[in-house]
Amino acid sequence: MRDPRGLYDLNSDVVVPTGLHLVAALTGFADAGGAVSQFSSYLLDTLDTEVVAQFDPDELLDYRARRPIIYFDQDHLTGYEPARLSLDLARDELGRPFLLLTGFEPDFQWNRFSAAVIGLVESLGVASTTWVHSIPMPVPHTRPIGVTVSGNRSDLIDSMSVWRPHTQVPSNALHLIEYRLQSLDHPTVGFVLLIPHYLADTEYPAAAVAALESISASTGLIFPTDELRAQGREFLARIDDQVAENGELAKLVGTLEERHDAYMEGTTLRSPLTDEDGELPSADEIAAELEKFLAFRRGSDDEPPLAS
């Protein structure tokens with residue numbers, strides 16, 4: 001195998017602290033509800049980011065399968081948008097830095113690409129790796145989006161994974177990276193969002209919110225979600241109107257609700273809001289956590305912003 005470092009160019013002007021979380025979301029595989037594409041676009045549009053490593057699309061992408069966009073202005077070409085796959089340094093809403101791997105899923109050289117990412121994880125001293133993707137499932141939109149959790153984070157698997165199948169699935173590049181990081185005992189977790197199958201071909205804002213919440217549960221990072229939540233409420237209101245006007249669709253949703261609720265009654269899933277005994281935190285415990293949050297935020301105000 002050729003040197004994996006030849007797949008990307010490093011930006012020597014960016015200083016990356018050690019011990020950061022790595023968050024990954026690559027488009028190109030079963031992006032039900034547009035969860036990954038919305039998640040990636042939202043973070044890149046709302047957060048300050050700097051490129052740490054830029055991957056070479058000529059090495060990794062089949063242009064005929066996923067053609068780049070070129071702009072045509074009446075009688076001439078005005079611009080060309082090559083596919084992007086990069087590792088960026090970003091900051092969450094509290095100003096805490098983390099690494100963000102976004103862009104296209106490679107068509108070629110998966111072994112070399114996974115070795116390149118793992119090499120960056122090791123050289124940058126990454127603390128944990130978390131990634132998300134989504135698949136269509138026969139679940140109703142009237143219930144919270146569930147997740148299947150993989151990796152070696154038993155705390156997250158026990159508290160969040162609603163479906164734990166024994167099955168074979170078509171893999172993607174991040175599956176391979178997770179598999180190899182596990183063999184290195186690197187803390188890694190993958191979240192598969194279970195999206196209502198009848199909304200799989202839409203841009204479902206709740207899917208992006210679920211992706212952000214999953215990343216927060218794994219890393220403690222905080223992201224702005226007000227805009228997405230507002231879009232989600234409007235989207236669901238339109239869906240509910242359509243269901244109310246269509247008897248067959250209403251029957252379908254009702255059947256899915258019954259199956260979903262019966263399944264959830266049979267699980268031993270523990271809410272992440274409760275302690276080991278299933279008890280909710282007391283008012284004093286909530287106040288203590290809030291005080292720690294505010295103290296951290298006051299401290300983060302003194303940190304310098306990312307260079308532009």
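Across the protein chain, the mean pLDDT is 88, and 86% of the residues reach 70 or more. Residues 270-276 also have a pLDDT below 50, and the model gives them 10 contacts beyond near neighbours in sequence.

Please keep in mind that this is a predicted model, in which local features need pLDDT of at least 70 and side-chain atom pairs count only at pLDDT 80 or more, while totals for chains, interfaces and linings use all residues. Residues are numbered from 1 along each chain as its sequence is written, and side-chain values use heavy atoms, with hydrogens and water left out.

## Aromatic pairs

A pair of aromatic rings is described by the distance of the centres and the angle of the planes. Here, rings of Phe, Tyr and Trp (its six-membered ring) pair if their centres lie within 6.5 Å; planes under 30 degrees apart count as stacked, over 60 as edge-to-face and the rest as tilted. Searching the whole structure on these terms finds 4 aromatic pairs. In one of them, F98 and F223 have ring centres 5.7 Å apart and planes at 75°, so this pair is edge-to-face.

Helices (H or I, at least four residues) and strands (E, at least two) are DSSP runs, numbered from the N terminus. Both F98 and F223 are buried; buried means under 20% relative accessible area, exposed over 50%, and partly exposed in between (1.4 Å probe, protein chains only). Elsewhere, ring pairs tie Y8, F55 and F113 into a cluster.

## Helices α6 and α7

From α6, the contact uses P205, A208, V209, L212 and E213, and from α7 it uses L228, R229, Q231, G232 and F235. By class, that gives 6 nonpolar, 2 polar and 2 charged residues, where Ala, Val, Leu, Ile, Met, Phe, Trp, Tyr, Cys and Pro count as nonpolar, Asp, Glu, Lys and Arg as charged, and the others, Gly among them, as polar.

G232 of α7 is buried, with a relative accessible area of 10%. The C-alpha atoms of G232 and Y204 are separated by 7.2 Å, although these residues are 28 apart along the chain.

## Positive phi and a helix residue

Most residues other than glycine have a negative phi, and most peptide bonds are trans. Q109 is not a glycine, yet it has a positive phi of about 60°. Q109 sits in the loop between β7 and α3 (110-123) and is partly exposed, at 24% relative accessible area. D185, also not a glycine, has a positive phi of about 60°. Its loop runs between α5 (173-183) and β10 (188-196), and D185 counts as exposed at 66% relative accessibility.

S41 belongs to helix α1 (residues 35-46) and is partly exposed, with a relative accessible area of 39%. Between S41 and G103 there are 9.5 Å in space, C-alpha to C-alpha, and the two are 62 residues apart in sequence.

Terms used: Contact means heavy atoms within 4.5 Å. pLDDT is the predictor's confidence in each residue, from 0 to 100.
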